[in-house]
Amino acid sequence: MMKEYLKTVYDSFASIGKVKFDPASFDEDITAKLTKFDRAIRLRDARESFAALVVFIIFFIKLIMANQSRLGQVGDIIVLFSCIFITYVLHRFKSFSSNVYSLPIMEYIQHQRIFLLNQKKLLNNILWWYLLPLSIGLILPEFENELSGRQVTFIVLLATMMGVIYYLNLKAAKSLQPFIEEIDDFVKDAKEAD
Amino acid sequence: MNPSEQLFKEAFNSNKDRIFRICRSYSKSNEDAEDLLQEVLLNVWKSLPNFKGNASIDTWIYRITINICLRARHFSRKVNKHMIRVDGVSLANTAEEVDYSKDAEYASLAACIEELKGINKSIVLLYLEDMPYKGIAEVTGLTENHIAVKMKRIKSQLTNCVKSK
């Protein structure tokens, strides 16, 4: 009785939003657009890796060619390892496969939760895996001799920039919390047998 | 064309209006729902090589539909910047927004469905699209008994809600 009533009301909406599907033009379009789409994604990923590669090459050449003190060499090595580690971390936690969308809702929700928790952890810990190693590597050579005015300015500017990046990342991590809580509520509601 | 692509086209063609209605229930406008439909379609197409046939293709498509809708509307702050629109799929009457004043009862039902929490909304939408409890269980990952218990409660909640509005 209730079902019939609800169905009748719901079906009064059924005429709205008819979808037209033309398999021929779909076929023609999807392959071309997906190829273009995949290329754009690959390009975006390559741009991120390219930036790290450029920094890596510059500091590698500096390490080999420049006549530096031990402190300068240690700084360069830290920057080189930071580049490799940052690239690894970014690729490792970037996203999850689109295959997860075909999982049952409850399983998908768990994947989405883990993904958000990883993103939050990554943003909260950016000081340790990104900012601090890179900053130490860049600042260390400056302490070779007594600091000049130019060196002090460089250190202050770098510290300020890293501070701003750190603050923005903490803010972004905080903005993920409502989504995690919504997922937790969703799972709790779903598990209740009402 | 490989068999899974052919299977997808047949399944999409017979379910397209239902998929759109589900997208519409998670959207504020037809345009918004069309974006969701496109995203569903792309993800279904991209996932096709991984379709193993463990569930029916219809169940598989509904899973993707609801998961995409949930992600887009509830669990992510990201707007899909890489959204592409595929030709061959469009709304027959894009200009026509839902005119709730024409059907007060439907407007009440839509508002009451909107008030449902979490997975209850997904369950009731699949139920109203005539999916059996077994199918709903396969889409959601809950047991059939659990769905039956939930549906009993939701039906009475919805009926009371619609009549009181």
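Buried here means under 20% relative accessible area, exposed over 50%, and partly exposed in between (1.4 Å probe, protein chains only). Contact means heavy atoms within 4.5 Å. Helices (H or I, at least four residues) and strands (E, at least two) are DSSP runs, numbered from the N terminus.

The model is predicted: local features need pLDDT of at least 70, side-chain atom pairs count only at pLDDT 80 or more, and totals for chains, interfaces and linings use all residues. Residues are numbered from 1 along each chain as its sequence is written, chains are lettered from A and ligands numbered from 1 in the order in which they are written, and side-chain values use heavy atoms, with hydrogens and water left out.

The pLDDT is the predictor's confidence in each residue, from 0 to 100. Its average over chain A is 87, and 93% of the residues score at least 70. Among the elements of chain A, α5(A) has the highest mean pLDDT, 94. The lowest, 73, belongs to helix α1 (residues 2-11) of chain A. Where pLDDT is low, the predicted coordinates should not be read in detail.

Helix α5 of chain A covers residues 126-139. The expected span of a helix is 1.5 Å times one less than its number of residues. The buried residues of α5(A) are A:Ile126, A:Trp129, A:Leu131, A:Leu134, A:Ser135, A:Gly137 and A:Ile139.

Chain B has seven helices and one strand. Along the sequence they follow the pattern α-α-α-β-α-α-α-α. Of the 165 residues in chain B, 56% are buried. Among contacts in this chain between residues at least 6 apart in sequence, 68% join residues at least 24 apart.

An automatic or database domain assignment supplies the domain bounds. Chain B is divided into domain 1 (1-88) and domain 2 (99-165). Their C-alpha centres lie 20 Å apart. Domain 1 of chain B gives 10 residues to the contact, and domain 2 of chain B gives 10 residues.

Helix α5 of chain B (residues 119-128) is largely enclosed by the rest of the structure, because 10 of its 10 residues are buried. Among them are B:Lys121, B:Tyr127 and B:Leu128. After this helix comes B:Asp130, with a positive phi near 70°.

A disulfide is a pair of cysteine sulfur atoms within 2.5 Å. The structure holds one over all chains. It joins B:Cys112 and B:Cys161, with sulfur atoms 2.0 Å apart. The pair links distant parts of the chain, 49 residues apart: B:Cys112 is in helix α4 (residues 104-115) of chain B and B:Cys161 in helix α7 (residues 144-164) of chain B. The link is left-handed, with -85° about the S-S bond. Both B:Cys112 and B:Cys161 are buried.

B:Cys23 is in no disulfide. The sulfur of B:Cys69 is 4.1 Å from the closest cysteine sulfur, in B:Cys23, which is too far for a bond. B:Cys23 counts as buried, at 0% relative accessibility. B:Cys69 also counts as buried, at 0%.
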